[in-house]
Amino acid sequence: MKDDFSKTIDDGNGTLKSIYDYSPTEKKYILWAVAFGTMVGTFPINFLYVRYGARIPFFSAGVLSAVTTALTPWAAGQSMWIFVALRFMQGVAYSADFAAIGIVISKWAPLNETAIFIATLTSFTSIASIITNGVSGLICDSALGWKWSFYLHAGACLFVFTIWVLIYKDDPTFHTCVSVRELGKIQKNKSEAHIKDGMKVPYKEIFTSPVVLTVWLCAFTELSTLILIATYAPIYFRSVLKFDIKIIGFYLGIMTAIHLPFRFVCAFLSDKMSCISEIAKIHIFNTLAVGFVGISFIVFGYIPAEHNISAVVCLAILECFISFNSGGFYKCGTLHSRQFASTVISAIQFTKCISLFSGPALVAFFVSDESSQTQWSHVFMTLAGCSFFANILSFIFFTDKPATWTEDGSVVKYSKKEEDVKF
């Protein structure tokens, strides 16, 4: 964007610069606006999901995302505060994602396929990053220019959300494509309270549950790790590990993509392994996703520059360990909160927003010299310590059983369409 000189301003020294060439402070506001919007929108949008289901609220969020994305080139040429306000609205739209994941899993996922649903639905960030970065790079280098990157993404957004509103139903019972047998599989071992709509959300019980709080802590430590890697890995690779800047993007791209197939393998194992109990699987997968990530971070922080390829391998292994999260804290939170999974999982997105601030704050506190591996190791050690603490708490509080506040005393049902079908 900064190479677009169609609109220019005086930089104060008599030199013209692009109006799209933002200062570090302005970039900070532009990035933070999305995080603030997501934080503000998380709980109101979750309330809309509880009241009206996911179909219309999620479609509305998609339309908002498409409109604000299409208006971004215009807003970027206006005042900074108009641009920041638009970015804030993009954050509000983004806050709908995790709550939608929770409600889709609650309504549509069989209990014995929870991890597979989680792995599939939460992979959107990595897949979107790979597609968006590649497509945007091609568009920006073409005759179309950077503005068309926003226009085409806005069009694609509107297209996929139109498909959503046409195909998705909040209750699989009333979906014409769901057979009696499929419905029975979806509802098997779910209580009547889990299946039916209209239950009042027990916010107090959710927000004071040791299980749920531990799930959120595990999610926070893991998301802090991911955001730190996404934000500062290029700087660390260049300043400490002495990589050529031309190949940093290549290595980071590999690490972004490598965990995707591994993620689905982990989810399949979590759901289909029958040789150990469900709670044992949750503990094993969570330890790999949280505790072993902390160990990998410590090792990564002490690999010297002369062994920089080993550091790349270590970071790739760390990304693979994170892939176990669908069978760890995500699965625990979903199985424990059942029909209220949208509230629990949407709060994970809230912790992601906090991570956008805590990660940079941690770096600012410890790192004054970006070439000092010792200073960076303090950041890694702090995050590793948080991971170990969260992992220890998970052994104390995690369970695969539904919370008492998810039940109303009704019997288990298998199918609303045909009560006498045997499976």
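**Entry 1: second largest pocket**

I sorted the lining of the second largest pocket by residue class and got 7 nonpolar, 5 polar and 10 charged residues. The model I am working from is a predicted one. The volume I noted for this second largest pocket is about 490 Å³. Its lining has 22 residues, and the ones closest to the centre are L111, N112, K188, N189 and E278.

Next I looked up which helices take part. I found that α8 (180–187), α13 (278–301) and α15 (329–337) each supply at least two residues of the lining. The helix that gives the most is α8, with 3 residues.

Where does the second largest pocket lie relative to domain 1 and domain 2? I checked the lining against the bounds of domain 1 (1–199) and domain 2 (202–402); both give residues to the lining, so the pocket lies between them.

**Entry 2: aromatic pairs**

I counted aromatic pairs and reached 27. I took Y29 and W81 as one example: the pair is tilted, with 6.1 Å centre to centre and 35 degrees between the planes. The two residues come from distant parts of the chain, 52 residues apart, with Y29 in helix α1 (residues 24–52) and W81 in helix α3 (residues 80–94). I then looked up accessibility for both. Y29 has 35% relative accessibility and therefore counts as partly exposed. W81, at 60% relative accessibility, counts as exposed, because the cut-off for that class is over 50%.

I also went through F207 and W216. This aromatic pair is tilted as well, at 5.2 Å centre to centre and 55 degrees between the planes. Is W216 buried or exposed? W216 is buried, with a relative accessible area of 10%. F207 has 33% relative accessibility, so I put F207 down as partly exposed.

**Entry 3: positive phi outside glycine**

Phi of K242 is near 65 degrees. K242 sits in the loop between α11 (210–239) and α12 (245–272). With a relative accessible area of 55%, K242 is exposed.

R338 is not a glycine either, and I read a positive phi of about 45 degrees for R338. Where is R338 placed? I located R338 in the loop between α15 and α16 (341–366). R338 has 11% relative accessibility and counts as buried, because buried means under 20%.

**Entry 4: whole protein**

The protein has 17 helices and 4 strands. Along the principal axes, the C-alpha atoms fill a box of roughly 80 × 45 × 35 Å. I also looked up burial over the protein: buried residues make up 50% of the 423 residues.

Definitions and conventions
Residues numbered from 1 in each chain as written. Predicted model: local features only at pLDDT ≥ 70, side-chain atom pairs only at ≥ 80, totals over all residues. Heavy atoms only, no water. 1 Å grid on protein atoms, 1.4 Å probe; cavity = no way out; pocket = protein on both sides within 12 Å on 5 of 7 lines; lining within 4 Å. Points joined across faces, edges and corners; volume = space filled by probe spheres on them. Nonpolar A, V, L, I, M, F, W, Y, C, P; charged D, E, K, R; others polar. Domains from an automatic or database assignment. Phe/Tyr/Trp six-rings, centres within 6.5 Å; stacked < 30°, edge-to-face > 60°. Buried < 20%, exposed > 50% of the residue type's maximum accessible area, 1.4 Å probe, protein only.
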